[in-house]
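Hello! Here is the structure I promised to pass on to you. My notes on it follow just below.

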Amino acid sequence: MNHRAIVVTDLLFGDSGKGTTVDFYARQLLAERGAVPLIVRCSGGAQAAHAVVTEDGRSHVFSQLGAASFVDGASTHLSQSMLVNPVLLLGEARRLATKKVFGTLGRLTLHEGALVTTPFHVALNRIKERKRGGGAHGSCGLGIGETRHDALTHPKRAIRVRHLRDPEELGKRLRWLLTYKRAQAEALDPDAPELADLADEELVAFVSVCAELVGAVTLVGDDFLQNHLSNPAGATIFEGAQGVLLDEWRGFHPYTTWSTVTAHPALRLLRGSGADTLSLGVIRGYATRHGAGPFPTEDPQLTERLPDETNPENAWQGKLRVGWPDLALLRYSLRVAGRIDALAVTCLDRMESASDWRVAEKYDSGEIPTGRKFDLEFRESTARSLFSARPIYRAWAKSPDAHARNLAACLGLPLALTSWGQTAQDKRTS
């Protein structure tokens, strides 16, 4: 018997159902192996919003803790490629405790090399996004880009999880960061309300939060995951963030995240482990996008027809946008996503009353070019072209089940999972 690993990657713009998919497979692997799989968060940060509903009616939108946390004894590992927000992480653990999920921090491991997002990163992120006005990038307003940008431009001053152990060192790094961010904020907008968060008392409060977090979790290095993957009786689910079309190098700049959200981070962590791996691409039965950016098949009428209570309107991304299934975008995503073995199609229950479904087979402008990975100018040019792309639609299957099978066939993938509701009991495997 080999170690069992499942990689969960969103193939579109996010919000495709990664959380409910992770919850389902965790329960399935528990039944098969008698042990709860480790959930590894391998990309993104606190901007994740992975909704899970249990059979007994509990629900949670997971941000940093693994989306299988409703399963008794579930543990989470935040890998080195995650961005850790201590304030929001403690808050998430407390909210889960009110839903009878206890001890999550005691079962949480943090890679000591992971970057840390502070309230100062969040404040400047929000000021910058507001200043963009009509040219907003679709930011979640949670400081992800600021954290990565600072680590790239000032690597020796970056705050990483290992620094949380040392209050004196942490304080020095935070003092520099506060001065740096406050100067930037005052130059951008001296009247910004977020300036209240760029204050000395916020620094003191954040140090206290970090001390509380470090006292409750376990900090680890590379050997932790390597040792776990070497257990042939064990299992791991790699829970991706956002969607491939928002990837920092493969998405459509500047409407992207500052994180690699393809399957590649998980596959790198699995390299050499010998694990029996299923790399799963997740999509909804229809397309969605939350935030600014090109969305060729967007339909305002469909948006009104398919409201989503798990993705409410917010000040930074606005309202969840809904569009028709888009094979052109999916073909592009599969070319850049890394290894994808099979497809999972969610939200099919929301399509059951529909008899007029159609699919965008291609664009009048042709196939989306792949281009070179690190060419942001090319990515920006592609984004501009997508704003004016005209989808060419064709009639489609009349039933949601046939719809899912047709999508998989058109993409050349086996259909591994269909979801007909929010709980694990609403899933069907193929």
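In which sense, left-handed or right-handed, does α3 pass α4? The crossing of α3 over α4 is right-handed. (A crossing is left-handed if the near helix is turned anticlockwise from the far one by less than a right angle, and right-handed if clockwise.)

Before the rest, a word on conventions. This is a predicted model, in which local features need pLDDT of at least 70 and side-chain atom pairs count only at pLDDT 80 or more, while totals for chains, interfaces and linings use all residues. Residues are numbered from 1 along each chain as its sequence is written, and side-chain values use heavy atoms, with hydrogens and water left out. Helices (H or I, at least four residues) and strands (E, at least two) are DSSP runs, numbered from the N terminus.

**Helix packing**

Back to α3 and its partners. With helix α4 (residues 144-153), α3 packs at an angle of about 110 degrees, and the axes are 7 Å apart. Axes here are lines fitted to C-alpha atoms, for helices over the stretch in contact, and angles run from 0 to 180 degrees between N-to-C directions. The two helices α3 and α4 are therefore roughly perpendicular to each other. For the wording: angles under 35 degrees count as roughly parallel, over 145 as roughly antiparallel, 65 to 115 as roughly perpendicular and the rest as oblique.

Helix α3 (residues 119-132) also packs against helix α5 (residues 167-188), at an angle of about 15 degrees and with the axes 9 Å apart. That angle makes α3 and α5 roughly parallel to each other, and their crossing is left-handed.

Then there is α2, which packs with helix α6 (residues 200-216) at about 55 degrees, the axes being 9 Å apart. So α2 is oblique to α6, and α2 passes α6 in a left-handed crossing.

**Aromatic rings**

Rings of Phe, Tyr and Trp (its six-membered ring) pair if their centres lie within 6.5 Å; planes under 30 degrees apart count as stacked, over 60 as edge-to-face and the rest as tilted. By this rule there are 9 aromatic pairs. One of them joins Phe 13 and Phe 295: the ring centres are 6.0 Å apart and the planes at 65 degrees, so the pair is edge-to-face. Phe 13 lies in the loop between β1 (4-10) and α1 (18-33), and Phe 295 in the loop between β12 (287-289) and α9 (300-305), so the pair ties together parts that are 282 residues apart in sequence. Both Phe 13 and Phe 295 are buried. (Buried means under 20% relative accessible area, exposed over 50%, partly exposed in between, with a 1.4 Å probe and protein chains only.)

Trp 324 and Trp 357 make another edge-to-face pair, at 5.2 Å centre to centre and with 75 degrees between the planes. This pair links distant parts of the chain, 33 residues apart: Trp 324 is in the loop between β13 (321-323) and α10 (327-336), and Trp 357 in the loop between β14 (342-346) and β15 (358-363). Trp 324 and Trp 357 are both buried, and together with Tyr 286 they form one aromatic cluster.

Arg 358 sits over Tyr 393, 4.1 Å from the ring centre, and Arg 428 over Trp 420, at 4.2 Å.

**Cysteines and backbone details**

How many disulfides are there? The count is 0, a disulfide being a pair of cysteine sulfur atoms within 2.5 Å. Cys 42 is buried, at 4% relative accessible area, and Cys 210 is buried at 0%.

Cys 347, in the loop between β14 and β15, has a positive phi of about 60 degrees although it is not a glycine; Cys 347 is buried, at 16% relative accessibility. Lys 100 is not a glycine either and has a positive phi of about 65 degrees. Lys 100 is in the loop between α2 (86-97) and β7 (108-111) and is exposed, at 66% relative accessibility.

The peptide bond from His 253 to Pro 254 is cis, with omega near 5 degrees, and Pro 254 is in the loop between β10 (235-239) and α8 (264-270).

Note on methods
A charge sits over a ring if NZ of Lys or CZ of Arg is within 6 Å of the ring centre and within 35 degrees of the ring normal.
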